[in-house]
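Open the model in your viewer and keep the selection tool at hand.

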Amino acid sequence: MKIVFLEIMPYPYFIGGGKTHIDNLASHLIKKGYQVYVISSRSKEKILDYPKGINVINVGLNHRKFSGKIFAYLYRIIFEIFFVIGAIIKLKKIKPDIVNAQSLITTSLPCSLSNTPFVATVHGIFKHGFKKIWELKNKKTISRFSFFYEYIERYNIKKCRAVICLGKNAFDYYKDHNKNCFIIPNGINTNVFHDKKLKRTENLIFVGRFTEQKGILNLVNAMNDLKDKKLILVGDGDLKEKILEIIKNKKNIEYLGVKNQEEIAVLFNETRFHVMPSEFEGLPISLLESMACGCIPITTDVGESGSVIKHGINGFLMKNNKPEDIIKALKTAERENLDAISENCIRIIKEKYDWNMLTEKFIEIYDNFKRN
């Protein structure tokens, strides 16, 4: 069977849960004998590692960060048009049995317009996330353009053979628009992320993109009142330079840059708390990875995080992500039996979020909705 993943972000150049999702699922499919392609946009960024056996095809124009200026608006429109055209040409050449688009907006359009059979994996609810991210960037004018993408989403969801949601929140939202709606959560590579029985410090760690969405500035500011704690930062993103400027004289915050999966797994095994004060999420893979290593999550109750974490049992949920909320959550956590909570984290990942098990669920959907 030929399976194509469609991703408008430039694979394998971008850092984030979307790339990790494709890496893990594709590698398991390849081991089972499937032909796997990824069609994505181009990039001038440094190419990142990806599993052997994936046929990567980059189409259209180079991806650029969207600044919100007039030129950026025009470039973004042209960029998306060229992606759609380029992807359609490649799909007609490959003739896949099924496509797994990584969103229901522009990413799915090449399939809808070319009548190529596809399913869509939605990494959160688009309508909520789009508006939120531009409001955080103080660009509310841009957020008003979400209606345009909502039209695209409604068009694509009618053409889509099935919608794969990461959890109940997205499922409840999309099930009224497509009767073939399923829940398959993100999974992780438990061969890499597991309890390594290392000596654990009481440090905090943040792993993710340095963006407004992830609430990293609030976490950094919270460290002003957590002098007895050390925060380790791992990742990259638009706010990197601003973060580095803020922390350059802070002795209790250390920036380690971008790390590979093996290095991150060790850090999670050496650290007590993984703090994720996100504004919105789907189901963050780094949340699952840290839990697999016994690193206890402290996260805002957004997206599907609440479907994974039971407060005080296998992690801690915050209603808000302001610095004072982060501090309060940490103080609450420290009063609990942390070793028991750590063991609960490890157990739930083994039971529900191992890719070896989840891949079979994707295959069942691909088989049911592939090209006739």
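Select Ile78, which is partly exposed, at a relative accessible area of 40%. This is a predicted model. Ile78 belongs to helix H2, which spans residues 70–94.

Together with Ile78 they make up a nonpolar surface patch, whose accessible area totals about 560 Å².

The largest nonpolar core comprises 35 residues. Leu6, Ile39, Leu104, Val163 and Tyr174 have the most contacts inside this core. Helix H2 supplies its largest share, eight residues.

Center on Tyr174 and show its surroundings. Leaving aside residues up to four places away in sequence, Tyr174 touches Leu104, Val122, Gly124, Ile125, Phe126, Glu153, Ile157, Val163, Cys165 and Cys181.

Now select Leu204, Leu233, Ala333 and Ile341. They are among the 28 residues of another core, which lies apart from the largest one.

Finish with the cysteines. How many disulfides does the structure hold? There are zero. Start with Cys181, one of the residues in contact with Tyr174. Cys181 is buried, at 10% relative accessibility. Its closest cysteine sulfur is that of Cys165, 3.7 Å away, so the pair is too far apart for a bond; the cut-off for a disulfide is 2.5 Å.

Then select Cys160, also buried, with a relative accessible area of 6%. The closest cysteine sulfur to that of Cys160 is in Cys111, at 8.7 Å, which is again too far for a bond.

Terms used: Residues are numbered from 1 along each chain as its sequence is written. This is a predicted model: local features need pLDDT of at least 70, side-chain atom pairs count only at pLDDT 80 or more; totals for chains, interfaces and linings use all residues. Side-chain values use heavy atoms; hydrogens and water are left out. A nonpolar core is a set of buried Ala, Val, Leu, Ile, Met, Phe, Trp, Tyr and Cys residues joined through side-chain atoms within 4.5 Å. Buried means under 20% relative accessible area, exposed over 50%, partly exposed in between (1.4 Å probe, protein chains only). Helices (H or I, at least four residues) and strands (E, at least two) are DSSP runs, numbered from the N terminus. Contact means heavy atoms within 4.5 Å. Patches are made of residues with over 30% relative accessible area and no salt bridge: like charges are joined within 9 Å, nonpolar side chains (Val, Leu, Ile, Met, Phe, Trp, Tyr) within 5 Å. Accessible areas come from the Shrake-Rupley method with a 1.4 Å probe; for residues, only the protein chains shown count as cover. A salt bridge is a side-chain nitrogen of Lys or Arg within 4 Å of a carboxyl oxygen of Asp or Glu.
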